[in-house]
Amino acid sequence: MTRTFGRRRFAAVLVLTCSVLAHAQLPWAVKNSGVTGPLFSVSFCNNRFIAFGNGPTLLISPDATTWTITNPSLSFNLKCIAYGNGVFVAAGWGDTVLMSANAATWTKHKINARYGIADLTYAQGQFVAAGPGCVLTSPDGMSWTTRFSDTTELAFNAIAFGNGVFVATGDQGTIYSSSGGVAWTKRASGILDRLLSVTYADSIFVAVGESGRVMTSVDGTTWAPRLSLSGDELLSVTYGNGRFVAIGQFTDLVTSVHGLSWNYNLSGLPPFPASIAYGNGIFVVVGGQGMVVTLAQDALGIGRQEATKQAGSQAPQIVCFKSNIVVTVPRASDSYVFDIEICNSLGRRIFSVTFAGSRGVVDAARAGIRPGMYCMSIKDGNREIGSLRFVLTR
């Protein structure tokens with residue numbers, strides 16, 4: 001690779017730059033949850049974080065630092081929660097849901113779910129719950145109507161709403177969608193891996209699961225696989241600060257700005273993460289032995305990013321870890337060569353470099369790129385294949 005600083009040119013070895021990246025782990029802050037048992041899931045719900053653990057245990061926090069612990073009188077563990085119509089509704093691996101107006105005092109209500117509920121959402125004036133072999137809806141969290149029932153006990157693991165559509169994902173690559181929560185239609189995924197988590201943001205559904213599987217759809221009907229660069233079982237995905245973030249069973253962490261192309265990262269997470277959520281400017285991960293860790297939204301380094309692309313191609317993307325700006329261009333060939341130029345807010349070129357392959361790493365500190373607003377141009381010879389405007393925040 002060749003770097004240009006002003007009119008002086010320096011030679012550097014890309015492998016050495018990548019080795020710096022490999023040792024740059026994210027600065028997660030460890031928090032005291034007050035429990036020692038495993039935490040199964042975390043959600044950001046009505047301006048507070050809510051986590052569920054063994055016991056059952058319910059933890060609530062406004063900032064993921066100070067937690068209030070509740071032990072509901074149930075014979076099963078809770079797994080999920082949603083907020084709508086002025087009430088919280090929580091459910092889990094049993095035939096009872098909890099309902100509360102203040103997340104402090106809870107009442108019990110029956111739900112016709114033989115093996116319980118895996119996930120909940122609220123949209124279109126109703127709660128929609130999905131679990132093994134069933135989808136149910138409720139206008140108030142108290143009275144539930146079965147909308148889908150599968151006699152083979154097909155397992156749904158997650159549900160999300162976006163673009164006027166509900167999407168439920170599950171085992172063996174199962175994907176169903178519904179425009180109103182009443183009638184559900186099976187969609188072709190082309191895979192047999194379990195899909196464990198799904199979310200909707202930035203005009204796209206993203207589902208993750210076994211073997212590093214990532215699937216995306218803009219309408220909930222037509223789905224396409226994406227390369228995550230992880231072989232880990234991706235357990236949970238969320239969206240925050242302009243990017244999707246998914247975590248794996250063995251601490252893998254993958255990120256994407258658009259949901260189409262993904263970056264694999266050394267996460268620095270403690271062992272046995274289970275679930276990730278985003279809210280109030282922080283990412284929160286919970287897991288084994290009462291683990292709660294947080295990450296400030298700007299710790300990934302890019303505050304905002306906008307990208308353009310040529311027709312028929314995926315947009316390039318950048319992700320920053322400490323002082324390293326990682327540039328990914330969606331090209332499959334390792335022999336592919338691309339050039340980048342970085343200009344400041346006044347349009348003056350401050351840095352340029354040539355990379356071989358589909359990924360390159362820029363050491364921002366060594367290149368003298370300070371926090372601020374920049375534009376990156378990515379070229380294939382004389383042809384521009386994409387450009388990005390971004391804010392480097394640290």
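In which strand is the place of S377? S377 belongs to strand 37, which covers residues 372-380. The model shown here is a predicted one, and the points below are grouped by topic.

**The protein as a whole**

- The protein contains one helix and 38 strands, and of its 394 residues 55% are buried.
- Among the contacts in the protein with a separation of 6 or more, 46% are made by residues 24 or more positions apart.

- S377 has a relative accessibility of 12%, and because buried means under 20%, S377 counts as buried.
- When neighbours within four places in sequence are left aside, S377 is in contact with D339, I340, E341, E384, G386 and S387.
- L196 is found in strand 20, and with 16% relative accessibility L196 also counts as buried.
- Not counting residues up to four places away in sequence, L196 touches several residues, among them N157, A158, V208 and L234.
- L196 and E210 are 14 residues apart in sequence, while in space the distance from C-alpha to C-alpha is 7.6 Å.

**The largest pocket**

- Rolling a probe the size of a water molecule over the atoms shows where empty space is left.
- The largest pocket holds about 1,200 Å³ of space, and of the 45 residues that line this pocket, V42, S43, D119, S197 and V198 are the closest to its centre.
- Elements that give two or more residues to the lining of the largest pocket include strand 4 (39-44), strand 12 (119-123), strand 20 (195-201) and strand 28 (273-279).
- By residue type, the lining of the largest pocket divides into 32 nonpolar, nine polar and four charged residues.

**Aromatic rings**

- A pair of aromatic rings is described by the distance of the centres and the angle of the planes.
- The count for this protein comes to 14 aromatic pairs, and one of them joins F205 and W223, whose ring centres are 6.2 Å apart and whose planes stand at 45°, so the pair is tilted.
- F205 lies in strand 21 (residues 204-209), whereas W223 lies in the loop between strand 22 (214-217) and strand 23 (224-226), so this pair ties together parts that are 18 residues apart in sequence.
- Both partners are buried, since F205 has a relative accessibility of 0% and W223 has a relative accessible area of 8%.
- Y83, F88 and W106 form one aromatic cluster.

**Backbone details**

- Most residues other than glycine have a negative phi, and most peptide bonds are trans.
- The peptide bond from G55 to P56 is cis, with omega near 0°, and P56 lies in the loop between strand 5 (49-53) and strand 6 (57-61).
- A64 has a positive phi near 65° although A64 is a residue other than glycine, and its place is in the loop between strand 6 and strand 7 (68-70).
- Q172 likewise has a positive phi, near 55°, and is placed in the loop between strand 17 (165-170) and strand 18 (175-178).
- Are A64 and Q172 buried or exposed? A64 counts as buried at 0% relative accessibility, whereas Q172 is exposed, with a relative accessible area of 57%.

Technical notes
Residues are numbered from 1 along each chain as its sequence is written. This is a predicted model: local features need pLDDT of at least 70, side-chain atom pairs count only at pLDDT 80 or more; totals for chains, interfaces and linings use all residues. Side-chain values use heavy atoms; hydrogens and water are left out. Helices (H or I, at least four residues) and strands (E, at least two) are DSSP runs, numbered from the N terminus. Buried means under 20% relative accessible area, exposed over 50%, partly exposed in between (1.4 Å probe, protein chains only). Contact means heavy atoms within 4.5 Å. On a 1 Å grid over the protein atoms alone, a cavity is a set of points where a 1.4 Å probe fits but cannot get out, and a pocket is an open set with protein on both sides within 12 Å along at least five of seven lines; lining residues have an atom within 4 Å of a point. Grid points are joined across faces, edges and corners, and a volume is the space filled by probe spheres set on the points. Ala, Val, Leu, Ile, Met, Phe, Trp, Tyr, Cys and Pro count as nonpolar, Asp, Glu, Lys and Arg as charged, and the others, Gly among them, as polar. Rings of Phe, Tyr and Trp (its six-membered ring) pair if their centres lie within 6.5 Å; planes under 30 degrees apart count as stacked, over 60 as edge-to-face and the rest as tilted.
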